[in-house]
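Me: Could you go through this structure with me while I have it open? I'd like to begin with the pocket.

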Amino acid sequence: MSLPTHDALTAETATVLERLGVPALGAEGNLAARSPITGGELGRLTAHSASEVAALIEAASSAFYTWRAVPAPARGQLVRELGLLLREHKADLGALVSIEAGKIRSEGLGEVQEMIDICDLAVGLSRQLTGLTIASERPGHRMMEQWHPLGVVGIISAFNFPVAVWSWNAALALVCGDAVVWKPSEKTILTALACQALLAEAARRVGAPAAISSVVLGRADVGEALVDDPRVALVSATGSTRMGRAVAPRVAGRFGKLLLELGGNNAAVVAPSADLDLTVRGLVFSAAGTAGQRCTSLRRVIVHESIADELCHRLTAAYETLLIGSPLADGTLVGPLIDEASYRGYTEAIEKAIANGGEVLVGNERVLADDAPDAYYVRPTIVRMPTQSEIVRAETFAPILYVMTYSDFEDALAMHNQVPQGLSSSIFTLNVREAERFVSADGSDCGIANVNIGPSGAEIGGAFGGEKETGGGRESGSDAWRAYMRRATNTVNYSTELPLAQGVEFG
C-alpha cells in the first residue's frame with residue numbers, strides 16, 4: 001500500500017485546520033507538529049513559557065468565579081453547543097486525529113463520536129447534579145449534602161486519545177461549573193488547538209467567559225507548571241505510570257486533588273468453552289487496533305492448554321491478513337506507531353521475550369520503511385511465552401500479544417492478577433460460573449472486567465479507570481462527575497431549640 005507524499009499530507013492538514021478555525025502553521029517555533037504517517041514535520045508552534053502558563057491559569061481562575069454562579073442547566077448549554085459543533089466538524093476533526101495520531105479513519109471518527117457522546121451525557125447531567133437529604137437525629141433539623149463547583153481543572157492528556165480524553169474531562173468539568181486548562185501531548189498539538197477553537201466558538205455563542213477553557217503547549221516543564229500551581233484544584237492526568245509517579249506527590253504535597261489514568265497491561269482469559277470465532281475477532285481488534293497504542297489494548301492472552309494450539313493457529317492466520325499502511329486509506333486496519341521511541345520499545349520487548357524463551361508466531365517486522373524511512377510501521381506480533389516473565393508484566397505501548405497457557409481456572413485468575421497494572425480485562429467463556437467469578441470481588445482486580453468482549457473499547461455511560469498502578473481514577477460516565485466538584489454537608493435548624501448531636505449537654 002502506498003503512502004501519501006509528505007507535501008500532499010501537509011496540504012491536507014492545512015485545509016483541515018482552516019476549516020476547523022485553527023490559524024495556519026508557521027515554519028518557526030520550538031514545537032514541531034508531526035505526522036506519524038510519513039514521519040515528517042507539518043509545521044511549527046511556540047511553546048508557552050512558565051509566565052504564560054501562570055497567566056492562563058489566573059485567567060481561568062477569574063473565569064471560574066463567574067462561571068460557578070451560572071445555573072448548571074445553563075452551563076449545559078455550552079456543552080450542548082460544543083456537541084453541535086463536533087457533529088458539524090466530525091469529518092475534519094476525525095481526519096486530523098488520523099493525521100496526527102496515526103489512527104485509521106474509522107477510529108479517528110470514532111474518537112470524535114466519543115466526544116459527541118460525552119457532550120450528550122454531560123448536557124443531561126447538568127440537570128442531575130444531585131445531593132442527598134439525610135435524616136437528622138435532632139428534632140427541627142434537616143441535613144443535606146450539596147455538590148459545588150471545584151475550581152480550575154488541569155487536564156494532561158496523552159497522544160493515543162488526543163481529543164476524547166480531553167472531552168471526558170472538559171464536558172463534565174464545564175457543566176460542574178469549573179474552568180479547564182489543558183496541556184496536551186506535545187505529539188498531538190494540532191488536535192488540541194482544533195478542539196479549543198470549537199469550544200471557544202461554543203463559548204461565544206452562549207456568552208460564556210472566553211477564559212473558561214485554554215490550551216497550554218509545551219513539554220514536561222509546562223506540565224509541571226500546571227501540576228504545581230495551587231490555583232489548579234484538580235489535576236486529571238492521563239499517561240504512563242512513570243508520569244503518574246512524578247505528578248502524584250507534587251499535587252498531594254500542595255493538597256490538590258488528583259485523577260490519574262495510567263498504565264494498563266490488559267489480559268483475556270480464554271476458557272475451554274469459549275466461542276473461538278467470536279474470541280478471535282475480539283482478541284485481534286483489542287491487540288492490533290490502534291497499532292497496540294491504547295491504554296486498554298490487549299497485551300496478554302491466558303488460554304486453557306486444551307485449546308491453546310488451535311487459538312494460536314487462528315490468531316496467526318488472522319494477523320497475516322491485517323492490512324498495514326496509511327491510516328487515511330480505505331481498508332487499512334493497522335497504522336503507524338507514533339514515533340521512533342515506540343518502535344525501539346517494540347523491538348526491545350520482542351528481543352527480551354525471545355531471550356525469556358518466547359516463540360514469535362507472527363510479526364517482529366518493520367514494514368514500509370523504504371516508502372517512509374522516518375515513519376514506523378510494524379507488523380503486529382504474537383509471542384508464545386512459557387511463563388509470565390518480567391517483560392510480560394511490563395506495559396509495552398506497541399502491538400505485541402503474549403500468549404500463555406493455564407490448566408486450572410484458579411491459576412488463570414492468579415496469572416491474570418499478577419501484574420502491577422489494573423485497568424481492563426476480559427474473559428471468553430460460555431460457562432456462567434467462570435463468567436460470574438471473573439467479574440466478582442475475588443475475580444479480576446481491574447477497574448474494567450468484560451465477558452465475551454475484549455478489554456478495549458469502552459462506552460461513555462460507564463466510569464472509565466483502573467486500580468493498582470493504573471491510578472484509581474474514574475472518568476466519563478456513572479458518577480465520575482463527583483471528582484470535578486466539592487461536597488458540602490449542611491445542617492439547617494428550623495426550630496427554636498439548640499439540641500446538640502449525640503445528646504451532648506453544654507451549659
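Me: Which helices each supply at least two residues of the lining of the largest pocket?
Reply: Keeping in mind that this is a predicted model, the helices that each supply at least two residues of that lining are α8 (220-228), α9 (241-253) and α12 (340-355).

Me: And which one gives the most to the lining?
Reply: That is α9, which gives seven residues to the lining of the largest pocket.

Me: How many residues line the largest pocket, and which lie nearest its centre?
Reply: The lining is made up of 40 residues, and those lying nearest the centre of the largest pocket are Thr 238, Gly 239, Ser 240, Arg 242 and Met 243.

Me: What volume does the largest pocket have, and how do its lining residues divide into nonpolar, polar and charged?
Reply: The volume of the largest pocket comes to about 1200 Å³, and its lining residues divide into 15 nonpolar, 13 polar and twelve charged.

Me: Switching to the strands, in what order do the three strands of the open sheet come?
Reply: The order is β3-β4-β23, with antiparallel pairing. Because β3 (132-134) and β23 (485-493) are at the edges and each have a single partner strand, one side of each is left without a neighbour in the sheet. From one strand to the next, the twist averages 25°.

Me: How many bridges are there between β4 and β23?
Reply: Strand β4, residues 141-149, pairs with β23 in the antiparallel sense over nine bridges, and Gln 146 has Ala 488 as its bridge partner in β23.

Me: What about β1 and β2, is their pairing parallel or antiparallel?
Reply: Strand β1 (residues 31-34) and strand β2 (residues 41-45) pair in the antiparallel sense, over four bridges, and in β2 the bridge partner of Ala 33 is Gly 43.

Me: How many residues lie between β1 and β2 in the hairpin?
Reply: There are six residues between β1 and β2 in that hairpin, and Gly 39, which is in the turn, has a positive phi of about 80°.

Me: Last topic: at what angle do α1 and α4 pack?
Reply: Helix α1 (residues 6-20) packs against helix α4 (residues 90-101) at an angle of about 140°, and their axes are 10 Å apart. Angles over 145 degrees would count as roughly antiparallel, so at this angle α1 is oblique to α4.

Me: Is the crossing left-handed or right-handed?
Reply: The crossing in which α1 passes α4 is left-handed.

Note on methods
Residues are numbered from 1 along each chain as its sequence is written. This is a predicted model: local features need pLDDT of at least 70, side-chain atom pairs count only at pLDDT 80 or more; totals for chains, interfaces and linings use all residues. Side-chain values use heavy atoms; hydrogens and water are left out. Two strands pair if DSSP finds at least two bridges between them. On a 1 Å grid over the protein atoms alone, a cavity is a set of points where a 1.4 Å probe fits but cannot get out, and a pocket is an open set with protein on both sides within 12 Å along at least five of seven lines; lining residues have an atom within 4 Å of a point. Grid points are joined across faces, edges and corners, and a volume is the space filled by probe spheres set on the points. Ala, Val, Leu, Ile, Met, Phe, Trp, Tyr, Cys and Pro count as nonpolar, Asp, Glu, Lys and Arg as charged, and the others, Gly among them, as polar. Axes are lines fitted to C-alpha atoms, for helices over the stretch in contact, and angles run from 0 to 180 degrees between N-to-C directions. Angles under 35 degrees count as roughly parallel, over 145 as roughly antiparallel, 65 to 115 as roughly perpendicular and the rest as oblique. A crossing is left-handed if the near helix is turned anticlockwise from the far one by less than a right angle, and right-handed if clockwise.
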